[in-house]
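Subject: Structure handover

Hello,

Here is the structure for your files.

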Amino acid sequence: MTLRGKTALVTGSTSGIGLGVARALGAEGANIMLNGLGDADEIERLQADLAARYGVEVDYDGADLMRPDGPGALIEATRARFGGLDVLVNNAGIQHVAPVESFPTDRWDAIIALNLSAVFLGMKAAIPIMKRQGWGRIINVASAHGLVASPNKVAYVAAKHGVVGATKVAAIEVANDGITVNAICPGWVLTPLVERQLEQRASAAGTEVSVESDALLAEKQPMLQFTSPDAIGALAVYLCSDAARTVTGTPISIDGGWVAQ
Ligand code: NAD
């Protein structure tokens, strides 16, 4: 139990990678603030399940992080509820797929607001709290698309490259404050975000989701398997550990060899 008594806020943790990270941090003893959209009853069940399974305190705040006042309010609510903030995982994100020339401007604005600006605003609000504590871990969930591009994802790729850059800047600013700031860059993880892309591909090509799933992996990853949300959670736990105290300002790939090519 490396995180007993610490407080972790994981944005977008009602689903997918964020939920995997929240589980992994909870298993290490951290009290958890969940955030994200979803059915109220399901979220309540999730909250109770995590608390019972790991013997930690779990709360939920449904702040909409696309709003400019969302991230700051969420961090203040976490600090007020748990008395501090030790681990911030900026994970919430969305996707939209279309060529630049027909990419809807409102989707560009939404993706930049959630996938990039919310990361900046979250770090901005968290750093003063972590500085006062003399310890902190900020983990930004970027993507292989924070390091390389794919067609039809202009807003997502721009936002994720921005997250990697912002991670580096924050890391060097707080290098001697006991705070590390890193970006995790996953390849394909089978979550609702990717399931929606598979459904879209299958309906456009008149094929099955399973066919598109194999094709998706083969297009990008030498290793033909999805990374699990649990594996991303284990990487986040490592970044919170004492062994990782000098790991900072770095994008860490967990992508089946995607960006090695
Ligand atoms: P997901 O759709 O399963 O989860 C996204 C989470 O963000 C959900 O909890 C959702 O409720 C929340 N969210 C959406 N809009 C929000 C808003 N306005 N305010 C607050 N929360 C909001 O997707 P995922 O695949 O788990 O993605 C999580 C992160 O991982 C994203 O940043 C994504 O870009 C990144 N990522 C995913 C993959 C992948 O293959 N799935 C690969 C690389 C990076």
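This is a predicted model: local features need pLDDT of at least 70, side-chain atom pairs count only at pLDDT 80 or more; totals for chains, interfaces and linings use all residues.

Residues are numbered from 1 along each chain as its sequence is written, and side-chain values use heavy atoms, with hydrogens and water left out.

Domain 1 puts 13 residues into the contact and domain 2 eight, where contact means heavy atoms within 4.5 Å.

About 700 Å² is buried between domain 1 and domain 2, with 53% of it on carbon and sulfur atoms. Buried area is the accessible area (1.4 Å probe) that two parts lose on being put together, summed over both. On the domain 1 side, Gln95, Val97 and Asp255 lose the most area to domain 2, together 34% of what that side buries.

Ser150. This residue sits in the loop between β5 (136-141) and α5 (154-173); helices (H or I, at least four residues) and strands (E, at least two) are DSSP runs, numbered from the N terminus. Ser150 is buried at 13% relative accessible area, since buried means under 20%, exposed over 50%, and partly exposed in between (1.4 Å probe, protein chains only). Not counting residues up to four places away in sequence, Ser150 touches His145, Val157, Lys220 and Trp258.

Regards
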